[in-house]
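This report describes selected features of one protein model. The sequence and structure are shown first.

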Amino acid sequence: MLALLIFADVVALNVFSSAVPDTIVIVRELMVLAIVMPLAAATAQRAHIAVEFLTQALPPRVSGWLTVFGTLFGLMALSPILYSGGRDFLHQWQTGNVFYGDLNLPQWPGRLAFVLGIALAWLRLAAMAAADGLALLRGGEIAPNGN
């Protein structure tokens, strides 16, 4: 959608000397979606950037507990972002603020999408922390890909 919208705007500017209305606002909101929505999927696949040169030298159980610690730390780091995003969404919803432009697009849909993306990532992290912690407490190990 982003590429199509930008392409249409460039064509409209060069061929018709007129821009697609509110392209900048729409592209900005879609960029947030493109970044935030894949977070839960990347978390589920354990595809975040990781520094493993030290943990590979540790015993698997120690490495597993470090993974659980990292997951819990991620939960703590996402919590204020989720809270703040939720407050901003509720504010935009209640006030009915719109972006300045030709279309007067409401601000709340982008805020809702942001909160949903962060919430899905937070829930996935919570599920991983619980599953990994239980596996380690039962004497098992954590597979690198989470399976």
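How many nonpolar, polar and charged residues does the lining of the second largest pocket have? In this predicted model, that lining has 9 nonpolar, 1 polar and 1 charged residues. The second largest pocket has a volume of about 150 Å³. The elements that give two or more residues to its lining are α2 and α5, and α2 gives the most, with 5 residues. Among the lining residues are Val 25, Glu 29, Phe 99, Pro 109, Gly 110 and Ala 113.

Helix α5 spans residues 108-137. Its 30 residues reach 43 Å from the first C-alpha to the last, close to the 44 Å expected at 1.5 Å a residue. The buried residues of α5 include Gly 110, Ala 113, Ile 118, Leu 125, Asp 132 and Leu 136. What covers the buried residues of α5 includes α2 (23-36), α3 (39-44) and α4 (60-95). After α5 comes Gly 139, with a positive phi near 95°.

| Pair | Centre to centre | Angle between planes | Class |
|---|---|---|---|
| Phe 69 and Phe 73 | 6.3 Å | 35° | tilted |
| Phe 89 and Trp 93 | 6.0 Å | 45° | tilted |

Phe 69 and Phe 73 are separated by about one helical turn because they lie 4 residues apart in helix α4. Phe 89 and Trp 93 are likewise 4 residues apart in helix α4, and therefore about one helical turn separates them. Phe 69 is exposed, with a relative accessible area of 54%. Phe 89 counts as buried at 14% relative accessibility, whereas Trp 93, at 48%, counts as partly exposed. Ring pairs link Phe 89, Trp 93 and Trp 108 into a cluster.

Conventions. Residues are numbered from 1 along each chain as its sequence is written. This is a predicted model: local features need pLDDT of at least 70, side-chain atom pairs count only at pLDDT 80 or more; totals for chains, interfaces and linings use all residues. Side-chain values use heavy atoms; hydrogens and water are left out. The expected span of a helix is 1.5 Å times one less than its number of residues. Buried means under 20% relative accessible area, exposed over 50%, partly exposed in between (1.4 Å probe, protein chains only). Contact means heavy atoms within 4.5 Å. On a 1 Å grid over the protein atoms alone, a cavity is a set of points where a 1.4 Å probe fits but cannot get out, and a pocket is an open set with protein on both sides within 12 Å along at least five of seven lines; lining residues have an atom within 4 Å of a point. Grid points are joined across faces, edges and corners, and a volume is the space filled by probe spheres set on the points. Ala, Val, Leu, Ile, Met, Phe, Trp, Tyr, Cys and Pro count as nonpolar, Asp, Glu, Lys and Arg as charged, and the others, Gly among them, as polar. Rings of Phe, Tyr and Trp (its six-membered ring) pair if their centres lie within 6.5 Å; planes under 30 degrees apart count as stacked, over 60 as edge-to-face and the rest as tilted.
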